[in-house]
Amino acid sequence: MRDVSIIGIGQTPVGEHWDKSLRELAYQALLAAMQSAGVERVDALYVGNMLSGELTAQEHLGALIADFAGLRGIEAIKVEAACGSGAAALRVGYMAVASGLCDLVACIGVEKMTDQQGSTVTSALAMAADAEYEALQGLTFVSINALLMRRYMHEYGYRKEDFANFAINAHANAVNNPYAMFRSPITAAQFAEAKPIADPINLLDSSPIADGAACVILAPTSIAREFTDKPVRVRAIAIATDTLAVHDRRDPLYLEGGALSAQKAYAMAGVGPADIDVFELHDAFTIMSALSLEAAGFAPRGQGVRLAMDGEIGLNGRIPITTMGGLKARGHPVGATGMYQIVEVAQQLREEAGLNQVKNAQLGMAQNIGGSGATVVTTILERI
Amino acid sequence: MEVARYWRTTKQRYQLVGEKCPQCGRRIFPPRDVCPVCGHEARTAVQFSGKGEVYSYSVVHVAPEGYEKFVPYIVALVRLAEGPLVTAQLTDVDESEVWIGMPVEMVTRVLREDGERGMLIYGYKFRPALPVNNQAPQAAAQPMRTPLPKANGVHPEPVLQAAMP
(Lines give C-alpha, C1' and ligand atoms only; values in the text may rest on other atoms or scores of the structure.)
Protein backbone atom coordinates (compact mmCIF):
# COMPACT_ATOMS: atom_id res chain seq x y z
CA MET A 1 0.00 0.00 0.00
CA ARG A 2 1.18 3.50 -0.80
CA ASP A 3 1.01 6.44 1.58
CA VAL A 4 -1.55 9.03 0.43
CA SER A 5 -1.68 12.82 0.85
CA ILE A 6 -4.04 15.66 0.05
CA ILE A 7 -2.30 18.03 -2.37
CA GLY A 8 -5.13 20.47 -3.08
CA ILE A 9 -8.37 21.66 -1.52
CA GLY A 10 -11.36 23.64 -2.79
CA GLN A 11 -14.84 24.61 -1.64
CA THR A 12 -17.78 26.80 -2.58
CA PRO A 13 -19.53 28.97 -0.01
CA VAL A 14 -22.35 27.02 1.66
CA GLY A 15 -25.77 28.58 1.23
CA GLU A 16 -28.79 28.94 -1.00
CA HIS A 17 -27.28 29.07 -4.47
CA TRP A 18 -30.36 29.92 -6.54
CA ASP A 19 -28.15 30.79 -9.51
CA LYS A 20 -26.05 27.64 -9.54
CA SER A 21 -26.87 24.05 -10.48
CA LEU A 22 -25.34 20.93 -8.97
CA ARG A 23 -22.87 20.56 -11.82
CA GLU A 24 -21.73 24.18 -11.51
CA LEU A 25 -21.18 23.87 -7.76
CA ALA A 26 -19.20 20.67 -8.22
CA TYR A 27 -17.10 22.20 -10.98
CA GLN A 28 -16.37 25.31 -8.91
CA ALA A 29 -15.01 23.23 -6.01
CA LEU A 30 -13.15 20.87 -8.34
CA LEU A 31 -11.51 23.74 -10.20
CA ALA A 32 -10.43 25.41 -6.95
CA ALA A 33 -8.90 22.16 -5.70
CA MET A 34 -7.12 21.44 -8.99
CA GLN A 35 -5.72 24.97 -9.06
CA SER A 36 -4.63 24.63 -5.44
CA ALA A 37 -2.75 21.45 -6.40
CA GLY A 38 -1.53 22.85 -9.69
CA VAL A 39 -2.87 19.94 -11.73
CA GLU A 40 -4.75 20.06 -15.02
CA ARG A 41 -6.00 16.51 -15.12
CA VAL A 42 -6.77 13.69 -12.71
CA ASP A 43 -6.95 9.93 -13.26
CA ALA A 44 -10.24 9.45 -11.48
CA LEU A 45 -13.12 11.35 -9.91
CA TYR A 46 -15.25 10.13 -6.99
CA VAL A 47 -18.38 12.10 -6.24
CA GLY A 48 -20.01 11.90 -2.81
CA ASN A 49 -23.70 12.80 -2.99
CA MET A 50 -26.89 11.66 -1.31
CA LEU A 51 -29.96 13.20 -2.93
CA SER A 52 -29.30 14.32 -6.51
CA GLY A 53 -31.81 11.84 -7.92
CA GLU A 54 -34.55 12.77 -5.51
CA LEU A 55 -34.05 16.54 -5.44
CA THR A 56 -32.73 17.40 -8.90
CA ALA A 57 -33.83 14.35 -10.95
CA GLN A 58 -30.20 13.78 -11.83
CA GLU A 59 -28.19 10.64 -11.17
CA HIS A 60 -25.05 9.44 -12.94
CA LEU A 61 -23.03 12.22 -11.33
CA GLY A 62 -19.62 10.73 -12.09
CA ALA A 63 -20.01 11.07 -15.85
CA LEU A 64 -21.97 14.33 -15.51
CA ILE A 65 -19.28 16.17 -13.56
CA ALA A 66 -16.35 14.67 -15.47
CA ASP A 67 -18.01 15.77 -18.70
CA PHE A 68 -18.93 19.25 -17.44
CA ALA A 69 -15.42 19.81 -16.07
CA GLY A 70 -13.73 18.92 -19.34
CA LEU A 71 -12.39 15.62 -18.04
CA ARG A 72 -14.22 13.37 -20.49
CA GLY A 73 -12.76 9.87 -20.58
CA ILE A 74 -11.60 9.53 -16.97
CA GLU A 75 -12.92 7.03 -14.43
CA ALA A 76 -15.75 8.75 -12.53
CA ILE A 77 -18.47 7.38 -10.22
CA LYS A 78 -20.84 8.50 -7.50
CA VAL A 79 -20.53 7.19 -3.94
CA GLU A 80 -23.57 7.22 -1.63
CA ALA A 81 -23.80 6.67 2.13
CA ALA A 82 -26.51 9.17 3.15
CA CYS A 83 -24.97 12.15 5.00
CA GLY A 84 -21.73 10.16 5.11
CA SER A 85 -21.37 10.27 1.32
CA GLY A 86 -18.67 12.97 1.30
CA ALA A 87 -16.14 11.13 3.42
CA ALA A 88 -17.13 7.83 1.81
CA ALA A 89 -16.01 9.30 -1.53
CA LEU A 90 -12.67 10.16 0.10
CA ARG A 91 -12.33 6.57 1.26
CA VAL A 92 -12.83 5.33 -2.31
CA GLY A 93 -10.28 7.84 -3.60
CA TYR A 94 -7.86 6.83 -0.86
CA MET A 95 -8.16 3.17 -1.85
CA ALA A 96 -7.54 4.04 -5.51
CA VAL A 97 -4.30 5.90 -4.74
CA ALA A 98 -3.08 3.64 -1.92
CA SER A 99 -3.55 0.55 -4.08
CA GLY A 100 -1.44 2.00 -6.88
CA LEU A 101 -4.27 1.89 -9.40
CA CYS A 102 -4.43 5.70 -9.70
CA ASP A 103 -1.95 8.51 -9.04
CA LEU A 104 -4.02 11.70 -9.06
CA VAL A 105 -7.59 11.46 -7.82
CA ALA A 106 -10.26 14.12 -7.19
CA CYS A 107 -12.83 13.48 -4.44
CA ILE A 108 -15.86 15.77 -4.45
CA GLY A 109 -18.78 16.11 -2.08
CA VAL A 110 -21.72 17.98 -3.59
CA GLU A 111 -25.37 18.55 -2.70
CA LYS A 112 -28.06 20.78 -4.22
CA MET A 113 -31.05 20.97 -1.85
CA THR A 114 -32.75 24.31 -2.32
CA ASP A 115 -34.46 23.53 -5.63
CA GLN A 116 -37.19 21.71 -3.69
CA GLN A 117 -39.63 22.76 -1.03
CA GLY A 118 -39.44 21.71 2.62
CA SER A 119 -41.68 18.64 2.71
CA THR A 120 -39.92 17.14 -0.33
CA VAL A 121 -36.53 17.62 1.32
CA THR A 122 -37.89 16.23 4.60
CA SER A 123 -39.10 13.09 2.81
CA ALA A 124 -35.84 12.76 0.92
CA LEU A 125 -33.69 13.02 4.05
CA ALA A 126 -35.83 10.34 5.72
CA MET A 127 -34.50 7.92 3.08
CA ALA A 128 -31.37 7.61 5.22
CA ALA A 129 -33.55 5.78 7.74
CA ASP A 130 -35.32 2.42 7.38
CA ALA A 131 -38.07 3.02 4.81
CA GLU A 132 -40.26 0.13 5.99
CA TYR A 133 -39.97 0.49 9.75
CA GLU A 134 -38.98 4.10 10.50
CA ALA A 135 -39.99 6.37 7.61
CA LEU A 136 -43.31 4.56 7.07
CA GLN A 137 -44.21 5.48 10.64
CA GLY A 138 -43.92 9.16 9.69
CA LEU A 139 -40.56 9.56 11.36
CA THR A 140 -38.41 12.44 10.12
CA PHE A 141 -34.68 12.87 10.44
CA VAL A 142 -35.21 15.57 13.06
CA SER A 143 -37.56 13.43 15.13
CA ILE A 144 -35.12 10.51 15.16
CA ASN A 145 -32.57 12.82 16.74
CA ALA A 146 -35.22 14.21 19.10
CA LEU A 147 -35.95 10.66 20.33
CA LEU A 148 -32.25 10.19 21.07
CA MET A 149 -31.89 13.59 22.74
CA ARG A 150 -34.89 13.13 25.03
CA ARG A 151 -33.71 9.70 26.13
CA TYR A 152 -30.15 11.02 26.66
CA MET A 153 -31.46 13.83 28.88
CA HIS A 154 -33.63 11.32 30.74
CA GLU A 155 -30.87 8.78 31.37
CA TYR A 156 -28.07 11.19 32.25
CA GLY A 157 -30.05 14.01 33.84
CA TYR A 158 -29.17 16.89 31.52
CA ARG A 159 -31.29 19.94 30.87
CA LYS A 160 -31.99 21.36 27.45
CA GLU A 161 -29.75 24.39 27.97
CA ASP A 162 -26.76 22.15 28.73
CA PHE A 163 -26.46 21.59 24.97
CA ALA A 164 -26.31 25.31 24.12
CA ASN A 165 -22.52 25.60 23.90
CA PHE A 166 -22.33 23.23 20.93
CA ALA A 167 -24.38 25.72 18.89
CA ILE A 168 -22.79 28.83 20.38
CA ASN A 169 -19.28 27.52 19.67
CA ALA A 170 -20.17 26.59 16.08
CA HIS A 171 -21.65 30.02 15.34
CA ALA A 172 -18.72 31.84 16.95
CA ASN A 173 -16.32 29.95 14.68
CA ALA A 174 -18.40 30.49 11.55
CA VAL A 175 -18.09 34.26 11.94
CA ASN A 176 -14.52 34.01 10.64
CA ASN A 177 -15.19 31.46 7.88
CA PRO A 178 -15.98 33.18 4.57
CA TYR A 179 -17.47 29.90 3.25
CA ALA A 180 -19.93 29.50 6.15
CA MET A 181 -23.69 29.96 5.81
CA PHE A 182 -24.45 31.63 9.17
CA ARG A 183 -21.70 34.09 10.02
CA SER A 184 -23.38 35.57 13.06
CA PRO A 185 -22.83 34.70 16.72
CA ILE A 186 -25.69 33.45 18.90
CA THR A 187 -26.22 33.74 22.66
CA ALA A 188 -27.40 31.34 25.34
CA ALA A 189 -30.60 33.40 25.62
CA GLN A 190 -31.29 33.03 21.88
CA PHE A 191 -30.70 29.27 22.18
CA ALA A 192 -33.14 29.03 25.08
CA GLU A 193 -35.84 30.93 23.17
CA ALA A 194 -35.37 29.30 19.78
CA LYS A 195 -38.41 27.89 18.00
CA PRO A 196 -39.10 24.23 18.82
CA ILE A 197 -38.85 21.88 15.81
CA ALA A 198 -39.36 18.44 17.37
CA ASP A 199 -39.21 18.73 21.13
CA PRO A 200 -36.63 18.74 22.72
CA ILE A 201 -34.87 19.84 19.51
CA ASN A 202 -35.18 23.49 18.59
CA LEU A 203 -34.03 25.52 15.61
CA LEU A 204 -30.62 26.26 17.13
CA ASP A 205 -29.92 22.59 17.87
CA SER A 206 -30.30 21.91 14.16
CA SER A 207 -28.05 22.34 11.16
CA PRO A 208 -29.55 24.02 8.08
CA ILE A 209 -29.98 22.33 4.71
CA ALA A 210 -27.99 24.07 2.00
CA ASP A 211 -26.22 23.86 -1.34
CA GLY A 212 -22.49 23.42 -1.57
CA ALA A 213 -19.53 21.49 -2.88
CA ALA A 214 -16.06 20.73 -1.55
CA CYS A 215 -13.17 18.86 -3.12
CA VAL A 216 -9.72 17.47 -2.40
CA ILE A 217 -7.03 16.14 -4.74
CA LEU A 218 -5.13 13.04 -3.59
CA ALA A 219 -1.68 11.85 -4.66
CA PRO A 220 0.92 9.41 -3.37
CA THR A 221 2.83 11.09 -0.52
CA SER A 222 6.09 10.25 -2.32
CA ILE A 223 5.32 12.81 -5.05
CA ALA A 224 3.09 15.20 -3.05
CA ARG A 225 5.74 17.89 -2.68
CA GLU A 226 6.01 18.18 -6.45
CA PHE A 227 2.56 19.79 -6.33
CA THR A 228 2.38 21.67 -3.03
CA ASP A 229 4.60 22.74 -0.16
CA LYS A 230 1.73 22.04 2.24
CA PRO A 231 0.72 18.42 1.72
CA VAL A 232 -1.59 16.89 4.29
CA ARG A 233 -1.07 13.20 4.87
CA VAL A 234 -4.03 10.86 5.24
CA ARG A 235 -2.92 8.90 8.27
CA ALA A 236 -6.12 6.88 8.44
CA ILE A 237 -9.59 6.61 6.98
CA ALA A 238 -12.04 3.97 8.15
CA ILE A 239 -15.72 3.26 7.55
CA ALA A 240 -17.87 1.23 9.93
CA THR A 241 -21.58 0.47 9.98
CA ASP A 242 -24.29 -0.04 12.57
CA THR A 243 -27.91 -1.10 12.25
CA LEU A 244 -29.80 1.09 9.78
CA ALA A 245 -32.70 1.66 12.19
CA VAL A 246 -32.18 3.18 15.61
CA HIS A 247 -34.62 0.71 17.20
CA ASP A 248 -32.35 -2.20 16.22
CA ARG A 249 -29.32 -0.84 18.07
CA ARG A 250 -28.05 -2.62 21.17
CA ASP A 251 -28.13 0.79 22.87
CA PRO A 252 -29.56 3.71 20.89
CA LEU A 253 -27.46 6.15 22.94
CA TYR A 254 -24.17 4.59 21.87
CA LEU A 255 -22.86 5.10 18.33
CA GLU A 256 -21.29 1.69 17.87
CA GLY A 257 -20.47 2.51 14.26
CA GLY A 258 -18.78 5.70 15.44
CA ALA A 259 -16.74 3.86 18.04
CA LEU A 260 -15.78 1.12 15.61
CA SER A 261 -14.69 3.48 12.84
CA ALA A 262 -12.75 5.64 15.33
CA GLN A 263 -10.99 2.57 16.76
CA LYS A 264 -10.10 1.37 13.27
CA ALA A 265 -8.76 4.82 12.38
CA TYR A 266 -6.76 5.15 15.62
CA ALA A 267 -5.25 1.70 15.04
CA MET A 268 -4.40 2.51 11.43
CA ALA A 269 -2.72 5.77 12.45
CA GLY A 270 -1.16 4.41 15.65
CA VAL A 271 -2.58 7.29 17.72
CA GLY A 272 -5.32 7.87 20.30
CA PRO A 273 -7.82 10.60 21.14
CA ALA A 274 -5.23 12.45 23.27
CA ASP A 275 -3.10 13.00 20.16
CA ILE A 276 -5.83 14.78 18.18
CA ASP A 277 -5.51 18.60 18.00
CA VAL A 278 -8.68 19.39 15.99
CA PHE A 279 -11.88 17.37 15.63
CA GLU A 280 -14.49 18.16 12.99
CA LEU A 281 -17.51 16.18 14.16
CA HIS A 282 -20.95 15.66 12.65
CA ASP A 283 -23.09 18.17 14.56
CA ALA A 284 -26.24 17.74 12.47
CA PHE A 285 -27.97 18.20 15.85
CA THR A 286 -26.39 19.04 19.20
CA ILE A 287 -27.15 15.51 20.47
CA MET A 288 -25.00 14.08 17.66
CA SER A 289 -22.04 16.17 18.87
CA ALA A 290 -22.33 14.60 22.32
CA LEU A 291 -22.70 11.06 20.94
CA SER A 292 -19.81 11.55 18.50
CA LEU A 293 -17.46 12.85 21.23
CA GLU A 294 -18.29 9.79 23.31
CA ALA A 295 -17.95 7.31 20.43
CA ALA A 296 -14.59 8.76 19.39
CA GLY A 297 -13.21 8.42 22.91
CA PHE A 298 -13.06 12.08 23.97
CA ALA A 299 -15.58 11.63 26.77
CA PRO A 300 -16.99 8.71 28.74
CA ARG A 301 -20.57 7.70 27.98
CA GLY A 302 -23.05 10.31 29.12
CA GLN A 303 -20.28 12.92 29.48
CA GLY A 304 -20.06 14.30 25.93
CA VAL A 305 -22.22 17.28 26.84
CA ARG A 306 -19.87 18.07 29.74
CA LEU A 307 -17.12 19.02 27.28
CA ALA A 308 -19.40 21.73 25.87
CA MET A 309 -20.61 22.88 29.29
CA ASP A 310 -17.03 23.14 30.57
CA GLY A 311 -15.77 25.11 27.57
CA GLU A 312 -13.42 22.34 26.40
CA ILE A 313 -14.54 22.50 22.75
CA GLY A 314 -13.40 26.04 21.90
CA LEU A 315 -10.38 26.89 19.73
CA ASN A 316 -8.18 26.93 22.85
CA GLY A 317 -9.99 24.11 24.63
CA ARG A 318 -8.92 20.55 25.27
CA ILE A 319 -10.50 19.35 22.03
CA PRO A 320 -11.48 22.10 19.56
CA ILE A 321 -14.49 21.02 17.48
CA THR A 322 -16.43 22.57 14.58
CA THR A 323 -13.57 25.04 14.17
CA MET A 324 -14.95 26.54 10.95
CA GLY A 325 -18.61 26.48 12.02
CA GLY A 326 -19.51 22.82 11.78
CA LEU A 327 -22.73 21.57 10.22
CA LYS A 328 -24.63 23.93 12.48
CA ALA A 329 -23.25 27.21 11.17
CA ARG A 330 -21.12 26.43 8.11
CA GLY A 331 -24.23 24.61 6.87
CA HIS A 332 -25.13 21.00 6.03
CA PRO A 333 -25.35 20.24 2.31
CA VAL A 334 -25.72 16.60 3.29
CA GLY A 335 -23.65 14.67 0.74
CA ALA A 336 -21.02 17.43 0.65
CA THR A 337 -20.62 17.80 4.41
CA GLY A 338 -18.06 15.04 4.85
CA MET A 339 -15.80 16.66 2.27
CA TYR A 340 -16.19 20.11 3.89
CA GLN A 341 -14.98 18.54 7.14
CA ILE A 342 -11.89 17.16 5.37
CA VAL A 343 -11.17 20.50 3.67
CA GLU A 344 -11.51 22.31 7.03
CA VAL A 345 -9.19 19.93 8.87
CA ALA A 346 -6.73 20.39 6.00
CA GLN A 347 -7.06 24.18 6.35
CA GLN A 348 -6.10 23.86 10.02
CA LEU A 349 -3.12 21.64 9.24
CA ARG A 350 -1.99 23.95 6.40
CA GLU A 351 -2.22 26.97 8.73
CA GLU A 352 -4.92 28.44 6.47
CA ALA A 353 -7.70 28.74 9.04
CA GLY A 354 -7.21 32.48 9.56
CA LEU A 355 -8.54 33.83 12.84
CA ASN A 356 -9.75 30.32 13.73
CA GLN A 357 -6.29 28.79 13.48
CA VAL A 358 -5.69 26.22 16.22
CA LYS A 359 -2.10 26.72 17.39
CA ASN A 360 0.38 24.01 16.39
CA ALA A 361 -2.27 21.71 14.95
CA GLN A 362 -0.38 18.62 13.82
CA LEU A 363 -3.06 15.94 13.79
CA GLY A 364 -6.71 16.51 12.90
CA MET A 365 -9.69 14.19 12.79
CA ALA A 366 -13.08 14.26 11.08
CA GLN A 367 -16.06 12.05 11.77
CA ASN A 368 -18.78 12.02 9.13
CA ILE A 369 -22.03 10.25 10.02
CA GLY A 370 -24.56 8.77 7.61
CA GLY A 371 -28.14 8.66 8.85
CA SER A 372 -28.33 8.53 12.63
CA GLY A 373 -25.13 6.50 12.92
CA ALA A 374 -25.57 3.61 10.46
CA THR A 375 -22.49 4.65 8.47
CA VAL A 376 -19.61 6.44 10.16
CA VAL A 377 -16.39 7.53 8.44
CA THR A 378 -13.47 8.59 10.62
CA THR A 379 -10.48 10.26 8.98
CA ILE A 380 -7.18 11.27 10.60
CA LEU A 381 -5.02 13.81 8.77
CA GLU A 382 -1.48 14.95 9.57
CA ARG A 383 0.61 17.98 8.74
CA ILE A 384 3.88 16.88 7.11
CA MET B 1 -48.69 2.61 -7.09
CA GLU B 2 -46.65 0.41 -4.86
CA VAL B 3 -49.27 -2.15 -3.82
CA ALA B 4 -46.96 -5.14 -3.59
CA ARG B 5 -44.48 -3.21 -1.51
CA TYR B 6 -47.03 -2.65 1.23
CA TRP B 7 -48.87 -5.92 0.78
CA ARG B 8 -45.82 -8.04 1.55
CA THR B 9 -45.36 -6.49 5.00
CA THR B 10 -48.98 -6.70 6.16
CA LYS B 11 -48.26 -9.40 8.75
CA GLN B 12 -45.75 -7.19 10.48
CA ARG B 13 -47.85 -4.06 10.28
CA TYR B 14 -51.30 -5.46 11.09
CA GLN B 15 -50.42 -8.19 13.56
CA LEU B 16 -46.95 -7.37 14.83
CA VAL B 17 -45.57 -10.67 13.61
CA GLY B 18 -41.83 -10.96 14.15
CA GLU B 19 -39.47 -13.87 14.56
CA LYS B 20 -37.93 -16.04 17.21
CA CYS B 21 -34.37 -17.26 17.03
CA PRO B 22 -34.38 -21.10 17.36
CA GLN B 23 -30.79 -20.96 18.67
CA CYS B 24 -30.84 -18.35 21.45
CA GLY B 25 -34.57 -17.75 21.87
CA ARG B 26 -34.36 -14.03 21.17
CA ARG B 27 -37.57 -12.38 19.95
CA ILE B 28 -36.96 -10.25 16.87
CA PHE B 29 -39.02 -7.35 15.54
CA PRO B 30 -39.03 -6.11 12.82
CA PRO B 31 -38.31 -9.49 11.22
CA ARG B 32 -34.80 -9.71 9.76
CA ASP B 33 -34.25 -13.45 9.14
CA VAL B 34 -30.83 -13.47 10.84
CA CYS B 35 -30.63 -13.20 14.64
CA PRO B 36 -28.76 -9.97 15.48
CA VAL B 37 -27.35 -11.57 18.65
CA CYS B 38 -26.11 -15.01 17.65
CA GLY B 39 -26.18 -14.86 13.85
CA HIS B 40 -28.36 -17.95 13.52
CA GLU B 41 -31.02 -18.03 10.84
CA ALA B 42 -34.28 -16.99 12.51
CA ARG B 43 -37.36 -17.65 10.41
CA THR B 44 -39.82 -18.91 13.03
CA ALA B 45 -42.73 -16.48 12.96
CA VAL B 46 -43.97 -15.21 16.31
CA GLN B 47 -46.81 -12.83 17.04
CA PHE B 48 -45.94 -10.19 19.62
CA SER B 49 -48.33 -9.28 22.42
CA GLY B 50 -48.46 -5.61 21.43
CA LYS B 51 -47.71 -4.55 25.01
CA GLY B 52 -44.81 -2.30 25.77
CA GLU B 53 -43.66 0.96 27.29
CA VAL B 54 -42.43 4.29 25.95
CA TYR B 55 -38.61 4.44 25.68
CA SER B 56 -38.56 7.93 24.16
CA TYR B 57 -40.90 10.23 22.22
CA SER B 58 -41.10 13.43 20.22
CA VAL B 59 -43.63 15.37 18.17
CA VAL B 60 -43.50 15.92 14.42
CA HIS B 61 -44.68 19.35 13.25
CA VAL B 62 -43.11 19.34 9.77
CA ALA B 63 -44.18 16.09 8.17
CA PRO B 64 -42.93 14.19 5.13
CA GLU B 65 -45.18 13.91 2.07
CA GLY B 66 -48.20 11.71 2.79
CA TYR B 67 -48.27 12.57 6.50
CA GLU B 68 -49.16 16.27 6.37
CA LYS B 69 -52.77 15.86 7.45
CA PHE B 70 -51.78 14.11 10.68
CA VAL B 71 -49.54 16.85 12.14
CA PRO B 72 -48.76 17.36 14.90
CA TYR B 73 -48.26 13.68 15.70
CA ILE B 74 -46.27 11.90 18.39
CA VAL B 75 -43.53 9.48 17.37
CA ALA B 76 -41.92 7.12 19.84
CA LEU B 77 -39.54 4.31 20.45
CA VAL B 78 -41.52 1.63 22.27
CA ARG B 79 -39.85 -1.14 24.26
CA LEU B 80 -42.00 -4.21 23.55
CA ALA B 81 -42.68 -6.59 26.44
CA GLU B 82 -40.79 -9.30 24.54
CA GLY B 83 -37.62 -7.16 24.38
CA PRO B 84 -37.19 -5.38 21.04
CA LEU B 85 -37.59 -1.64 20.49
CA VAL B 86 -40.01 -0.57 17.77
CA THR B 87 -40.48 2.82 16.11
CA ALA B 88 -44.13 3.86 16.02
CA GLN B 89 -46.57 6.71 16.48
CA LEU B 90 -48.50 7.17 19.70
CA THR B 91 -52.21 7.78 19.28
CA ASP B 92 -55.28 8.61 21.39
CA VAL B 93 -53.08 10.66 23.71
CA ASP B 94 -51.94 14.25 24.09
CA GLU B 95 -48.22 15.04 24.11
CA SER B 96 -48.48 16.50 27.60
CA GLU B 97 -49.75 13.14 28.90
CA VAL B 98 -46.86 11.07 27.56
CA TRP B 99 -43.96 10.05 29.77
CA ILE B 100 -40.94 7.80 29.43
CA GLY B 101 -41.94 4.44 30.87
CA MET B 102 -45.65 4.88 30.09
CA PRO B 103 -47.35 1.50 29.40
CA VAL B 104 -48.76 1.33 25.87
CA GLU B 105 -50.49 -1.20 23.64
CA MET B 106 -50.68 -1.71 19.93
CA VAL B 107 -53.65 -0.65 17.79
CA THR B 108 -54.08 -0.64 14.02
CA ARG B 109 -54.60 2.74 12.38
CA VAL B 110 -54.03 4.62 9.14
CA LEU B 111 -50.32 5.42 8.75
CA ARG B 112 -50.35 7.43 5.56
CA GLU B 113 -52.49 8.54 2.64
CA ASP B 114 -51.29 8.88 -0.90
CA GLY B 115 -53.65 11.65 -1.92
CA GLU B 116 -57.41 11.60 -2.27
CA ARG B 117 -57.48 8.72 -4.76
CA GLY B 118 -54.40 6.89 -3.53
CA MET B 119 -53.86 4.05 -1.13
CA LEU B 120 -54.50 4.13 2.58
CA ILE B 121 -51.64 2.42 4.37
CA TYR B 122 -52.59 0.83 7.70
CA GLY B 123 -50.21 -0.28 10.40
CA TYR B 124 -49.45 -0.39 14.10
CA LYS B 125 -49.56 2.58 16.40
CA PHE B 126 -49.51 2.52 20.19
CA ARG B 127 -51.96 4.05 22.65
CA PRO B 128 -51.89 4.26 26.43
CA ALA B 129 -52.60 0.77 27.78
CA LEU B 130 -56.24 0.47 28.83
CA PRO B 131 -56.91 -0.94 32.31
CA VAL B 132 -57.40 -4.69 31.90
CA ASN B 133 -59.91 -5.38 34.72
CA ASN B 134 -62.21 -2.44 34.09
CA GLN B 135 -65.54 -3.79 32.73
CA ALA B 136 -63.85 -5.51 29.88
CA PRO B 137 -67.05 -6.83 28.14
CA GLN B 138 -68.70 -3.41 27.97
CA ALA B 139 -65.46 -1.74 26.94
CA ALA B 140 -65.06 -4.11 24.04
CA ALA B 141 -68.58 -3.41 22.84
CA GLN B 142 -68.09 0.34 22.86
CA PRO B 143 -66.47 2.19 19.98
CA MET B 144 -62.79 2.81 20.40
CA ARG B 145 -62.03 6.26 21.76
CA THR B 146 -61.46 8.67 18.92
CA PRO B 147 -59.32 11.78 19.31
CA LEU B 148 -61.32 15.00 19.36
CA PRO B 149 -61.26 17.05 16.15
CA LYS B 150 -58.38 19.48 16.12
CA ALA B 151 -59.09 23.15 16.62
CA ASN B 152 -57.78 23.99 13.17
CA GLY B 153 -60.51 21.95 11.53
CA VAL B 154 -58.38 18.94 10.64
CA HIS B 155 -60.42 15.80 11.06
CA PRO B 156 -59.18 13.04 13.30
CA GLU B 157 -57.62 10.11 11.59
CA PRO B 158 -59.97 7.22 10.78
CA VAL B 159 -60.11 4.51 13.39
CA LEU B 160 -59.92 0.90 12.34
CA GLN B 161 -61.69 -1.29 14.83
CA ALA B 162 -61.31 -4.82 13.57
CA ALA B 163 -58.00 -6.50 12.98
CA MET B 164 -57.18 -6.47 9.30
CA PRO B 165 -57.13 -9.80 7.44
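A: Across the interface of domain 1 and domain 2 of chain A, the rule finds 1 salt bridge, a term that requires a side-chain nitrogen of Lys or Arg within 4 Å of a carboxyl oxygen of Asp or Glu. A:Lys230 forms a salt bridge with A:Glu352, and their closest N and O atoms are 2.7 Å apart. This is a predicted model, in which local features need pLDDT of at least 70 and side-chain atom pairs count only at pLDDT 80 or more, while totals for chains, interfaces and linings use all residues. Residues are numbered from 1 along each chain as its sequence is written, chains are lettered from A and ligands numbered from 1 in the order in which they are written, and side-chain values use heavy atoms, with hydrogens and water left out.

Domain 1 of chain A comprises 4–117 + 210–232 and domain 2 comprises 138–204 + 234–383, with bounds that come from an automatic or database domain assignment. Taken over C-alpha atoms, the centres of the two domains are separated by 23 Å. The contact (heavy atoms within 4.5 Å) takes 48 residues from domain 1 of chain A and 35 residues from domain 2 of chain A.

About 3,100 Å² is buried between the two domains, with carbon and sulfur atoms giving 69%; buried area is the accessible area (1.4 Å probe) that two parts lose on being put together, summed over both. Of the area that domain 1 of chain A buries against domain 2 of chain A, A:Gln11, A:Cys83 and A:Val232 supply 24%, more than any other three residues.
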